[in-house]
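Please open the structure in your viewer and keep the selection tool at hand, as this tour moves from one place to the next.

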Amino acid sequence: MKTNIEISPNIETLFGTRDENLRLLDGLNVTIVMRSDSIEIEGAASDVGRAQQVFTDYEHLLRNGFTFVNGDLGSMLRVLTTDSTATLRGLAEAGKQRSFGKRSVQPKSINQRRYLEAIEKHDMVFGVGPAGTGKTYLAVAMAISALVSKRVNRIVLARPAVEAGERLGFLPGTLQEKVDPYLRPLYDALYDMLDPDKVDRYLEKSIIEIAPIAFMRGRTLNDAFVILDEAQNTTSEQMKMFVTRLGFNSKAVITGDITQIDLPNAQRSGLVEAIDILKNVEGIRFCYFDEGDVVRHHLVQRIIRAYDDAKGRNEQLSLSLEIKNGNGYAIARAADGRTFSTSIERETPLVEMPPENVPPPTDRVSE
């Protein structure tokens, strides 16, 4: 099927820099060709219809004063190409309905969209994935939206005070000053979405509370939006303690990256254990991210993919064989460094076989 769309005023802003947004629409399995006074779309009838709907929705949003900022349009188009049920108008208006303070926050991938929808519909959500996928930032955005719209009375942000592979020793200052370095990413997200004066006022009045997870024991959190960040560094006991703090009219979001566990002495992560134990509990939703959801520098995607590929190779070669003196025997080396002897199954001439160490008999019978 082939159709032509007339070029209307301001529609060229949809095309993007060097027509990059039009190339994104190729993901709808259509071919788009620019003519002097029209846009030609060719493909299957259903795919052409979806592409036409994008142009119709864009014109509607412009007429109603909607503005796209910070690459939001490109992000929405990427979601459209991966989710057949999504529309440009629906994505834009869904983001408009949420109030995120001074920032406009749009999901930049299909997994981020599902994450936001899960937070809206469920009282406890786990966001698991690599660094830079927006797990914490989107959770804080949803918490601010709930606070501004008065669906909750306060926000509680918790994080385990675990160092990332180094020992900082005893830190100077008050108790709050000691734990603040561990909680800095949460402060960054708050100041990015709210005016600094408002954040300081909320912190002073304990409307927003930021604390290590150790301070959660014994509390019941009602009318609150609770976020546990870096959950991969909680112990089993800490995770169980946190997920049982939830009170009436409250939501909890637990985020973490199970590839960056900093617990000492090879302790099992509370997040890993919770995924296994709570996966079938009704009312709890698990959302998983991958490198395709990374919204940081484009190099971060490639770095994460390289580490994942290396991990896969290491798992496949966890039992690497080291030929010992070429005598047909080998040492199998496990992933944890332990070694044990084994043999290589190959045809070996008898003369190459090493002599067996047979102990001499204790009693000899003379002929």
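Begin by selecting R268, which in this predicted model has a relative accessible area of 48% and is partly exposed, because that class covers values between the limits of 20% and 50%. R268 sits in the loop between β8 (251–256) and α10 (270–278). Which residues does R268 touch, if residues up to four places away in sequence are not counted? They are T234, T235, S236, L263, E273 and D276. Pick T234 from this list and compare its two separations from R268: they are 34 residues apart in sequence, while in space their C-alpha atoms are 8.9 Å apart.

Next, select residues 2–6, 30–34 and 38–43, the strands β1, β2 and β3. They form an open sheet in the order β1-β3-β2, with antiparallel pairing. The edge strands are β1 and β2, each of which pairs on one side only, and the twist from one strand to the next averages 20 degrees. Strands of a sheet pair through backbone hydrogen bonds. Between β2 and β3 the antiparallel pairing extends over five bridges, and you can look for M34 standing opposite I39 in β3.

Finally, move to helix α11, residues 298–316, and select L299 within it. L299 counts as partly exposed, since its relative accessibility is 42%.

Conventions:
Residues numbered from 1 in each chain as written. Predicted model: local features only at pLDDT ≥ 70, side-chain atom pairs only at ≥ 80, totals over all residues. Heavy atoms only, no water. Helix = DSSP H or I, 4+ residues; strand = E, 2+ residues; numbered from the N terminus. Buried < 20%, exposed > 50% of the residue type's maximum accessible area, 1.4 Å probe, protein only. Pairing = 2+ DSSP bridges. Axes fitted to C-alpha atoms, helices over the stretch in contact; angles between N-to-C directions. Contact = heavy atoms within 4.5 Å.
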